[in-house]
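Visitor: Hi, I'm new to this one. Could you walk me through it?

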Amino acid sequence: MSLLHIDNLHTVFDTAAGTIRAVDGVSLTLEPGQIVGLVGESGSGKSITGFSVLGLLDPPGRVAEGRILFKGRDLASLSPREFRALRGDRIAMIFQDPMMTLNPVLSIGTQMVETVQAHRKVSKAEARARARDALGRVGIPRPEERLAAYPHEFSGGMRQRVAIAMALLHEPDLIIADEPTTALDVTIQAQILSVVQGLVADMGMALIWISHDLGVVAGLADRIAVMYAGRIVEEGATDDVLDRPRHPYTAGLVASTPLANDRGQPLRQIRGTAPSPLNRPAGCAFAPRCDHATEVCGQEPGETAQGDRRWRCFHPLGGQA
Amino acid sequence: MTAFVIRRIFQAALVLLATAVIVFIGVYAIGDPLEILLPGDATMAEREAVAQSLGLDKPLPVQFFTFLGNAVQGDFGRSFVYNRPAVDVILERLPATLELAFTALMISLILGIPLGLWAGTKPQSGVDETIMTGSILGFSMPNFWQGMMLIMVFSVALGWLPSTGRGETGTVLGMRTSFATWDGVAHLILPATNLALGQLALVIRLTRTGVQETMPLDFVKFARARGLSETRILLVHVMKNILIPIVTVIGVEFGSLIAFAVVTETIFAWPGVGKLIIDSIGALDRPIVVAYILVIVAMFIVINLIVDVLYSLLDPRVRARAA
């Protein structure tokens, strides 16, 4: 049984300006221990996909269609109490901006102890001991003392470590990481990445790493799913996708990643901008920006599967598909 | 921290001095107390004798510096009307007012914060609209009218509660208080409610706005992602953040509660300082007026100090800066 199975997920926001289809038919399957990089531009629906899984959509957001199965259980069938018991225990989430994710007026210890006690009936001392160990695991020096500290006493990188420690307190089966390194310096980014990589490998957790940065995902993920305008346009094993992109959008993303051997060359960019989710073109949403687009792209491209690769394009690159 | 306290004391002294000057000149400008104190047919000789005994024959600057010299030694002069030390007269009445203001504050907090939380978590719902409409009434209906309506309904029509006076007081821990007897409490309910209504509306609005501003923040979402219950998120995570603005405003407003007590005390014949000050202004009883205002100013200064201390208790970031 797959750990997570997202089947044709549609997440919409009903606003005065119209219905925004933020996630428009996403399907994704994760096996236990697998790491998937969910890549796309801002507004492609990758974060909303993550929040949909956790049941943490802000109103007016709602799942309009599709199913999310976690260990075979339909998450939509859970009561609020059952869902809460799952969050932070079996499914955890790491957020983008560590400056904003911790409550500024509560000590780190208080916030960690409450997380332990939300899911386990243990004494405060026992909860503190667990919190201390978790801080130690993510490389916080003198964890016992630091429990009494407040968020403002930590640097951004250290705060993200604390947030990770909190998310991993119960050794969840699945972690959803929503661009956890984007707000950090490059050197700190690398440290956080290696902390997460180490912990995920040790505990055998599955990970959905949401990012707009192909470079980060390339070194981390087993598989890559590329999102564009609310859909997964291409998915496959990381090396396969990066070396032989089939969808022109993926190819554009790969080409626009700066590499050391391109020094002095102007960066190649994808022309145009992503369409507004309120007003997406009919058919392939990428067609207006695509060099390969023809008349047929005015229609909805179906999904083509080949081995464990799949894509949505009438004119896939490479191969004789 | 020591430098902070010394600076605060120095500032407080300056504020008190400035207040003394303004009030002293102000009351002098209103009129001659002799006109009120003496019977209409008093002779010139009687006038002069009384003026001399009260020190009113000397020029204003001399009167002021005499007052100042005595004041730093704790003597704020004798009341022209009661012929007793002004401070004694005020301190005798102050506990009744403080009790009234404190009870009103408690009512507004104990009712206002839960109502504000309730409205804030259900924006645009029927509950929210009802609470908000109620708070507009609390704000906009004149205080004296609210007081009279309370008397009309609860004293006249229903006959549940007494409408005037302080009732029986008892002594608890050396303080005379209405809380010692049921009669005292019954007398306290209506005036305290009257005084609390405006504050209640304010607390509700502050809390509701705070909740609505805090709920969408990332740390609330992260708390949910960690599987915390909504109750804990609201009562611990959100509450502790919104208490900071509430404490600020309430601190400042506690002073105006004492000031507003003038109206409430008049309606309910509550024997507090509010009624005393109105009578004293009418009688141009300068020592009482000056001493009263200085006491109130001193109280504001102390309240502000308490607010600053509460800040650092509530917000670790303030604590870090003060250290």
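Guide: Let's begin just after helix H1 of chain A, where Gly55(A) takes a positive phi of about 65°. Helices here are DSSP runs of H or I with at least four residues, strands are runs of E with at least two, and both are numbered from the N terminus. This is a predicted model, where local features need pLDDT of at least 70 and side-chain atom pairs count only at pLDDT 80 or more, while totals for chains, interfaces and linings use all residues. Residues are numbered from 1 along each chain as its sequence is written, and chains are lettered from A and ligands numbered from 1 in the order in which they are written.

Visitor: How many residues of H1 in chain A are buried?

Guide: Nine of its nine, so the helix, residues 46-54, is mostly covered. Buried means that 20 or more other C-beta atoms lie within 10 Å of a residue's own; 12 or fewer makes it exposed, anything in between partly exposed, and C-beta atoms are placed from the backbone. Among the buried ones are Lys46(A), Ile48(A) and Phe51(A).

Visitor: OK, strands now. What does S10 of chain A pair with?

Guide: One of its partners is strand S9(A), residues 223-228, which runs antiparallel to S10(A) and is joined to it by six bridges. Two strands pair if DSSP finds at least two bridges between them. Strand S12(A), residues 309-311, is also antiparallel to S10(A), with two bridges.

Visitor: Which residues face each other there?

Guide: Tyr228(A) stands opposite Arg231(A) in S10(A). On the S12(A) side, Arg310(A) is the bridge partner of Glu235(A). The S9(A)–S10(A) hairpin has two residues between the strands, and Ala229(A) in it takes a positive phi near 50°.

Visitor: And how many residues of S10 in chain A are buried?

Guide: Six of the seven residues in S10(A), 231-237, are buried.

Visitor: Zooming out, what's chain A made of overall?

Guide: Chain A has 11 helices and 12 strands, and 46% of its 321 residues count as buried.

Visitor: What about chain B, how many helices and strands?

Guide: Chain B has 13 helices and two strands. Of its 323 residues, 33% count as buried, and its C-alpha atoms fill a box of roughly 85 × 60 × 35 Å along the principal axes.

Visitor: How is chain B divided?

Guide: Into domain 1 (2-71) and domain 2 (96-322), with bounds from an automatic or database domain assignment. Their centres, taken over C-alpha atoms, are 34 Å apart. The contact takes 14 residues from domain 1 and 13 residues from domain 2, where contact means C-beta atoms, placed from the backbone, within 7 Å. On the domain 1 side, H1(B) gives the most, with 11 residues.

Visitor: Last one: how many residues does each chain put into the A–B contact?

Guide: Chain A gives 26 residues and chain B gives 21 residues. On the chain A side, H4(A) gives the most, with four residues. That side divides into 14 nonpolar, six polar and six charged residues. Here Ala, Val, Leu, Ile, Met, Phe, Trp, Tyr, Cys and Pro count as nonpolar, Asp, Glu, Lys and Arg as charged, and the others, Gly among them, as polar.

How values were computed:
Contact = placed C-beta atoms within 7 Å.
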